[in-house]
Amino acid sequence: MEKGKVDALLGIVFGDEGKGKVVDVFTPKYDVVARFAGGPNAGHTIIFEGKKFVLRSIPSGIFAEDKINIIGNGCVIAPDLFMAEAKELETAGYDLKKRLHISKRAHLILPTHRVLDRAYEAAKGKNKVGTTGKGIGPTYSDKASRIGLRVGDILENFDSKYQALKARHEQILKDLNFTDYDITEEEKAWMEGIHYMSTFPLTDTEVEINQYLKEGKSVLAEGAQGTMLDIDHGTYPFVSSSNTTSGGVCTGLGIGPKQVGEVFGIFKAYSTRVGSGPFPVELFDETGDKIREIGHEYGAVTGRNRRCGWVDLVALKYAIMINGVTQLVMMKSDVLDSFETIKACVAYKKDGVILENVPFETEGCEAVYKDIPGWQCDLTGITDEKDFPEAFKNYIQFLEDELETPITILSVGPDRAQTIIRNK
Ligand code: GDP
Ligand code: IMO
Ligand code: MG
């Protein structure tokens, strides 16, 4: 961590890599933690001292009492969900009002955006994206169409702006013949959320962040989703609607590229994906079920089964390239403790051709694997890398050699304490 820089922690596969846990572990070293993309489609789990929290819009740096947390301009925010999340933290004893700043430029997710999300998914039939249903796509679409509502709009003449956008959405829904919905209750909670949000500092966060950097403070940018869900670089159209990659850190916070310091790429010792779309390493057998059971691979937002498979080096190399990853963070190694053999996907095969790069269309790619001996012992109690079993050290070395990037942090359990920083 360098003073006056923004380090980024980015999910580099399909999300749910453990970003929340690691941001929480990193926070004491930083002055500010900021989300730069996504919204309540994220579900970031933090576990410490017997407590568990799942954060959606609020940055995972919120548990350190003296740190500023920022929801940046690149984010989208649902006032009702934000209120529920913030109140849960307030009930648990965390005072948020002064420490949580929200960008005036972040876009608002309306109740009708969520209805549109459902309507568009229904219209796609068997090509559904499998969205989280939080209205993410329609909100970013309105942003790009230059008709969206922003947090700063709350401060002036809000009701008429809200009614105008809602009417526009209602017309689209009517045109789509999607009229079987009732947002009366939701809208009430949403308006309450608008009022509640206006009691927080709604600021020009880009100016604020640049001022902090000028003062020599350090910022940690907390990614949401993962590289393969990025709107430009993911498995389009089965992606989310924002730039989840390192470019998104600049646009989503309002900083220049030279202000970015370390780029931490976080991944699991195996792979998961939730929602539809190509996933060459997916296991449909009992091995996949076993990984899901041991890893508790069920969505933090929707409770859906996460699809499971072995680690995918083709996707990881691509993500390291796209993001300019400088250090890797490997999570959930403990989930593989009982496996005799572990596999790693080293290439894809499509129409009989071996591919070492992620192609334009990943659909139809098969994984080509290399076998690696498992360690077959319990990693969860290990606190120092010198106590790692040889076979686990070999797995780490194999990944580092293949990925040409050091793995500097390892996680061997969900608790804050089960994190090992390596002396690299
Ligand atoms: P995020 O969206 O990237 O923050 O990740 P999620 O919170 O959606 O999913 C990660 C899940 O793995 C959560 O349930 C965490 O509590 C859990 N977890 C994180 N690190 C580890 C680990 O090293 N081992 C195990 N077994 N679980 C972990
Ligand atoms: P975190 O931050 C995993 C997936 C959805 C769907 C696609 C589009 O917890 O890692 P959206 O609602 O964004 O329009 O859905 O993206 N998705 C995630 N998968 N982790 C996430 O966030 C995700 N956010 C969105 O399942 O396939
Ligand atoms: Mg998650």
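These legends describe close-up views of a predicted model. Local features need pLDDT of at least 70, side-chain atom pairs count only at pLDDT 80 or more, and totals for chains, interfaces and linings use all residues. Residues are numbered from 1 along each chain as its sequence is written, chains are lettered from A and ligands numbered from 1 in the order written, and side-chain values use heavy atoms, without hydrogens and water.

**View 1. Magnesium ion (ligand 3) and its two protein donors.** Asp 16 (OD) and Gly 43 (O) coordinate the ion at 2.1 to 2.2 Å. Donors are N, O and S atoms within 2.8 Å of the metal (3.2 Å for Na, K and Ca); water is not among the atoms, so sites may look incomplete. Asp 16 sits in the loop between β1 (6–11) and α1 (19–26), and Gly 43 in the loop between β2 (32–35) and β3 (44–48), so the pair ties together parts 27 residues apart in sequence. Helices (H or I, at least four residues) and strands (E, at least two) are DSSP runs, numbered from the N terminus. Asp 16 is partly exposed at 23% relative accessibility. Gly 43, at 11%, is buried. Buried means under 20% relative accessible area, exposed over 50%, and partly exposed in between (1.4 Å probe, protein chains only).

**View 2. Surroundings of ligand 1.** A backbone N or O atom of Gly 18 lies 2.8 Å from a ligand oxygen. A side-chain N or O atom of Lys 332 is 2.9 Å from an oxygen atom of ligand 1. A polar side-chain atom of Asp 334 lies 2.7 Å from a nitrogen atom of ligand 1. The protein covers 92% of the 580 Å² of accessible area that ligand 1 has on its own (Shrake-Rupley method, 1.4 Å probe).

**View 3. An open sheet of ten strands with mixed pairing.** The order is β9-β7-β5-β2-β10-β1-β11-β14-β18-β19. Two strands pair if DSSP finds at least two bridges between them. β9 (202–203) and β19 (419–421) stand at the edges, each with a single partner strand, so one side of each lacks a neighbour in the sheet. β1 and β10 (residues 219–222) pair in the parallel sense over four bridges. Leu 9 has Glu 222 in β10 as its bridge partner.

View 4. Four bridges join β13 to antiparallel β12 (residues 270–273). Here Arg 273 is partnered by Arg 307. β13 and β15 (residues 341–350) pair in the parallel sense over two bridges. Val 311 stands opposite Ala 344 in β15.

Terms used. A residue is near a molecule or strand if one of its heavy atoms lies within 4 Å of it. A polar contact is a pair of N or O atoms within 3.5 Å; within protein, one must be able to donate a hydrogen and the other to accept it, and residues adjacent in sequence count only if both atoms are side-chain atoms.
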